[in-house]
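Please view the sequence and the structure together before reading on.

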Amino acid sequence: MLKYLLVFLLFSSTFGLAQQTTLKKGIVNGEVSIGDSTDVTYSLYLPETFETSKVYPVIFVFDPKGEGTRAAHLFRSGMVQDEFIIASNNQELSDSLEVNIEYGIRFMNNVLRNFPIDSENIYLAGLDKGAAVASGLTFVISNVTGVLAINDIFLNLRLLNKRKEGIILGMVGDASPNYYKMRTGFNQLKKYNRDNLLYVYEDEGGWPRTDYLGSIFNRLFQLNLDNQDRELSQDYINASFEADYSTADALVKRQLPLIADDFLDDLKDKYRRKHDLDSIRDLNRQLRRLRSFKNARRAASQSAEEELFLLEDLDYFLIQDVSMANYENLGYWDDKIQQFEAASQNNGNPQEQKVAKRVLGFIKNSLDDYEQSMASSANVGVDQQIFINVLKTVYNPKDYDAYQRIISIAAKENDINTAYFYLEELLKNGFQDYNRLYNLPYTESLKITPTYNAIIDDYLNKSRDQ
């Protein structure tokens, strides 16, 4: 969770020019210094016609792997016109959201100090961890005008009504493990701003195709300008329309009828009273006449109902089992997870495969949410704490953190047999961090016992009493 709130970015009316002398326009500069004592860099794109006497919209892109140059190229290729400054991280993101937020603020401030930025057009975008950073930053800084969150999002419902206004668009893969997390998040966001929209793309993750990504980012840009009562030139609108039509046509030709249909409906709203819509309507009519569209819609409708019932059952049983620490039901969860794992690998039934991947993600995110809420609550019983972590090891036998939490909780409660059992399960599943085994919380008495050391020696061929 974020431990601070409303750290304001300060926009200076003057900006530094030291780095600009070596930067090239019209290409992605791959090694721009963040400007402090570290060697951290970012990638930066400046428009070909960049000049210091003008201000420019900026997009900060957060790539989870730190592939900043690739990410900047991806967004540049999808832009309608060459007018954005694009900055993207070269540093791989941490597993800690707070660490990433602090890095993001430093990274953004460096760009804002050194380049002429339009303060009403500051956008954040990110994939996976990067999407959590981009959306998380909106809770701690005040100047963001738009966010594009792809395949993940950070939402703190307690703080949501304190968040400064700004549009958030989302994109999620139709087989993404975060599919339901994104849907739930955007159902909440829509209550605060009807422009907060979620778009679906094919696949289970990764950056969307450049044309579709560019169209959705362009949607974010236009929504923001509409809200500011700032008009786009007709040349820009025409170029944007042509690009969006090409994207829609590509979706149809790639046999993605439902995604194409939703996208075409959105384009009608996007260009109403701005551009002639006849070609969009014609393409939409052609799509809806296709047998593939009718079959896909029928299958999706049937699947959606079955999927809803399945999720309701899983959610109900999960709530019951966690609240009662129902160890007798672990076999049920093991069977279910194995069934979904098998279905997720079945290329012969694509629809069932997508559903299985989404459901597995739903289970994982639910378990993570339970674990996090228990960690921050003083009123949760020991049995429930251990049970949720045991269930996490059923879901993922290599969730080493879950085993370690079980060992620590059991040691604290003097339940040494449980601690020994899960120590051995941890090692059976390939854990090899010898030093970590002797630094687990609450194990001061446990780790000096002969049994504890014997188990470690059996698997790692060494222990502290050998």
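## Helix α7 against helix α9

Pro257, Leu258 and Asp261 in α7 meet Ser292, Phe293, Ala296, Arg297 and Ala300 in α9, where contact denotes heavy atoms within 4.5 Å. By class, this contact of α7 with α9 comprises five nonpolar, one polar and two charged residues. Ala, Val, Leu, Ile, Met, Phe, Trp, Tyr, Cys and Pro count as nonpolar, Asp, Glu, Lys and Arg as charged, and the others, Gly among them, as polar.

The model is predicted: local features need pLDDT of at least 70 and side-chain atom pairs pLDDT 80 or more, while totals for chains, interfaces and linings use all residues. Residues are numbered from 1 along each chain as its sequence is written, and side-chain values use heavy atoms, leaving out hydrogens and water.

Helices (H or I, at least four residues) and strands (E, at least two) are DSSP runs, numbered from the N terminus. Helix α7 spans residues 257-271 and helix α9 residues 291-324; they pack at about 95° with their axes 9 Å apart. Axes are lines fitted to C-alpha atoms, for helices over the stretch in contact, and angles run from 0 to 180 degrees between N-to-C directions. Helix α7 is therefore roughly perpendicular to α9; angles under 35 degrees count as roughly parallel, over 145 as roughly antiparallel, 65 to 115 as roughly perpendicular and the rest as oblique.

## Other partners of α9

Helix α8 (residues 278-289) packs on α9 at an angle of about 70°, and their axes are 4 Å apart. This makes α8 roughly perpendicular to α9. Leu287, Arg288 and Arg289 in α8 meet Arg291, Phe293 and Lys294 in α9. The contact of α8 with α9 consists of two nonpolar, no polar and four charged residues.

The axes of α9 and helix α12 (residues 382-395) come within 7 Å and cross at roughly 135°, so α9 is oblique to α12. On α9, Leu318, Asp321, Val322, Ser323 and Met324 meet Gln384, Phe387, Ile388 and Leu391 of α12. This contact has six nonpolar, two polar and one charged residues.

## The eight-stranded sheet

Eight strands form an open sheet in the order β1-β2-β4-β3-β5-β6-β7-β8, with mixed pairing; two strands pair if DSSP finds at least two bridges between them. Because β1 (28-33) and β8 at the edges each have a single partner strand, one side of each is left without a neighbour in the sheet. On average, neighbouring strands are turned by 20° against each other, direction ignored. Strands β6 (residues 146-150) and β7 (residues 167-173) run parallel and are joined by five bridges. Leu148 has Leu169 in β7 as its bridge partner.

Helix α1 (residues 68-78) lies across β1, β2, β3, β4, β5 and β6, and runs at about 150° to β4. Helix α3 (residues 129-137) lies across β3, β5 and β6, at about 145° to β5.

Glu204 is placed in the loop between β8 (198-201) and α5 (210-227). With 37% relative accessibility, Glu204 counts as partly exposed; buried means under 20% relative accessible area, exposed over 50%, and partly exposed in between (1.4 Å probe, protein chains only).

Leaving aside residues up to four places away in sequence, Glu204 touches Asn151, Ala175, Ser176, Pro177 and Lys357. The C-alpha atoms of Glu204 and Pro177 are separated by 7.0 Å, although the two residues are 27 residues apart along the chain. The side chains of Glu204 and Lys357 are joined by a polar contact of 2.8 Å. A polar contact is a pair of N or O atoms within 3.5 Å; within protein, one must be able to donate a hydrogen and the other to accept it, and residues adjacent in sequence count only if both atoms are side-chain atoms.
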